[in-house]
Amino acid sequence: MEPLTTDIAIIGAGVSGACIARQLSAYETDVTLLEKEVDVSFGVSKANSGIIHGGFHHSPRYLKTRLEIQGNLMFDRLQRELDFPFSRCGILVVAMNEEEMKYISHLYTQGVENGAIGIEMCSRERMFELEPKLDSDCVGGLHAPGGGVIEPYRFVFSLVESARKNGVKLMTGFNVTSAEWTGDKHRIHAVDGRVVEARWVVNAAGLQADTVSRIFGGEDFTVHPRKGEYYLLDRKTKVCPQRVLFPVPTRVSKGMLVIPTAEGTVLIGPTAVDIEDKEDLSTNEDQLSQILDQARKMVPGVSRTDIIAAFSGLRPALEDPDFYIDISGKAPNLIQVAGIQSPGLTASPAIGEYVKDLLKKAGCRLTEKADYDPYVTKMPRIRDYTPFEAEELLASNPAYGNLVCRCEKISEAEIVEAIRRGHTTLDGIKYFTRAQMGRCQGGFCSYKIIKLIMRETGLRYDRITKRGPGSEILTGSLEENPREVAHHA
Ligand SMILES: Cc1cc2nc3c(=O)[nH]c(=O)nc-3n(C[C@H](O)[C@H](O)[C@H](O)COP(=O)(O)OP(=O)(O)OC[C@H]3O[C@@H](n4cnc5c(N)ncnc54)[C@H](O)[C@@H]3O)c2cc1C
């Protein structure tokens, strides 16, 4: 097989790789994004709290703190360019006793030192003015008005779409297993036999960044997965706060939160438990009960009956709590982007800038493109329209009038658009449109979505997957049992 030749290969299409790819797409250089999964944002970036942090949780001595502050400030412009759900709703840290207020004072001083704009220490009265649903034991807290929430996967999808529009090549299903340095470039091999030759490599492989570093002869470090479990509450819950609510943090994590998501649902969690298996996304009743107890300490009305789903994500932690982003001292022309745990999502746009600067420092020539276009095509969403406004949209495309996902109000036209933009698995469509994310969790719409994928792609029913090969949804023979599709759905 002829190798594909590129200037810069980025390994990993999570939020780090996507931000780096988009940043580099503004320069006269050939960039290829290599991702082992069938779609982008299927790694750590798909399951997290979605918070744009306020810049007060971490010490100013860390690189991650500088990138968090800078990244946070970049989101307003990014939203205008990339059209993803984002709300600068603000963050509250809730103190339940005077001892915790001492820690609030520390967080405030740290935030000011970091350069977080607008943060304030709050009295009990001010806290209830900002969030009336708080438990009556709250004695005060911290308010960070610059914090917010985004939909993380939509952010990654838009970044990649923008990068591709500006010339970046995306190769999915490209699982990097070996590589050699030929004297002036890396020869990179995928499991399926494809080969890419690149002068520069960026290792943004999340939980696998340690393995990828070893493949390229880079530094020896270990990524330890730290699991965080969540409950998702129905959008009809009465306990949706106006701002993200944090407890006073613990030694290993920021604690369990109550998060009003960018799309109007509520998340509670996450836990923080060190585990061994980088694939283990199971959830556990004990952990989840703990989450419920912790959430109720801040907002007493949180109810079990509001819960519609449980899920977990894995933080790619290193021994050192900081990000490890640097030019490799061992392997030629390799940039390491590892240990990107929280606040990685917040910092990601700044990580893109930082890696671009490291590449320049390492000798990569980057000159700005004259015709760089930062905007993606906005996609109408029927639920944002009033019936009066919808008339024009329906006249242009009647498929906006056919609601496929009734819980989240997603139309056939939006699902077809997702498929045409390359998201052809059930999870890809879920993350792009939100179909299957509501109260019924896909119970009613999965079957209709499968039929739309079949119609749009020509794929047979038994080739439709949840998230790529090995996760096929329907099996058996349609010829033998024509009712099979309906039965399995
Ligand atoms: C529970 C939890 C809560 C969090 N909450 C927040 C928050 O609220 N705010 C915040 O700012 N941050 C948060 N984070 C952190 C944030 O989610 C991460 O920092 C970020 O998603 C990391 O992105 P990434 O691109 O580095 O990694 P990933 O998203 O994992 O991307 C790496 C990609 O590399 C691919 N890959 C791996 N190996 C190979 C290979 N051999 N070949 C090709 N591709 C490969 C993977 O498939 C993956 O898609 C949270 C994280 C967790 C787990």
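Student: Which residues are closest to the ligand, and how many surround it?

Tutor: In this predicted model, 41 residues surround the ligand, and the closest are G14, G43, G206, G228 and G344. To be counted, a residue needs its C-beta atom, placed from the backbone, within 6 Å of the molecule. Among the elements, α1 (15-24), β18 (307-317) and α8 (344-361) each supply at least two residues of that shell.

Student: What makes up the shell by class?

Tutor: There are 18 nonpolar, 19 polar and four charged residues. Gly counts as polar here.

Student: Why is the ligand said to lie between domain 1 and domain 2?

Tutor: Domain 1 (1-88 + 147-223 + 318-378) and domain 2 (89-146 + 224-317) both give residues to the shell, so the ligand lies between them.

Student: What makes α2 a bent helix?

Tutor: Take axes fitted to the seven residues ending at a position and the seven starting there; the angle between them is the bend. For helix α2 (residues 63-82), that angle is about 40 degrees at D76. Just after α2, D83 takes a positive phi of about 55 degrees.

Student: Which residues of α2 are buried, and what do they pack against?

Tutor: The buried ones are K64, T65, L67, E68, I69, G71, N72, F75, L78 and L82. Buried calls for 20 or more other C-beta atoms within 10 Å of the residue's own. These residues pack against β3 (51-52), β4 (86-87), α3 (98-114), β8 (148-150), α5 (152-165) and α8.

Student: How do you know that both faces of β20 are covered?

Tutor: In a regular strand the side chains alternate between the two faces of the sheet. On one side sit L334, Q336 and A338, on the other I335 and V337, and all are buried. That is five of five residues in strand β20 (residues 334-338).

Student: What makes β12 and β19 partners of β20?

Tutor: Pairing needs at least two bridges. Strand β12 (residues 195-203) runs parallel to β20 and has three, while β19 (residues 324-327) is antiparallel to β20 with four, so both pass the cut-off. I335 is opposite V202 and is also the bridge partner of I327. β19 and β20 form a hairpin with six residues between them, and N333 in the turn has a positive phi of about 45 degrees.

Student: Why are β3 and β4 called edge strands?

Tutor: The open sheet has the order β3-β8-β4, with antiparallel pairing. β3 and β4 each pair on one side only. Two bridges link β3 to β8, with I52 partnered by G148 in β8.

How values were computed
Residues numbered from 1 in each chain as written. Predicted model: local features only at pLDDT ≥ 70, side-chain atom pairs only at ≥ 80, totals over all residues. Domains from an automatic or database assignment. Buried ≥ 20, exposed ≤ 12 C-beta atoms within 10 Å, placed from the backbone. Contact = placed C-beta atoms within 7 Å.
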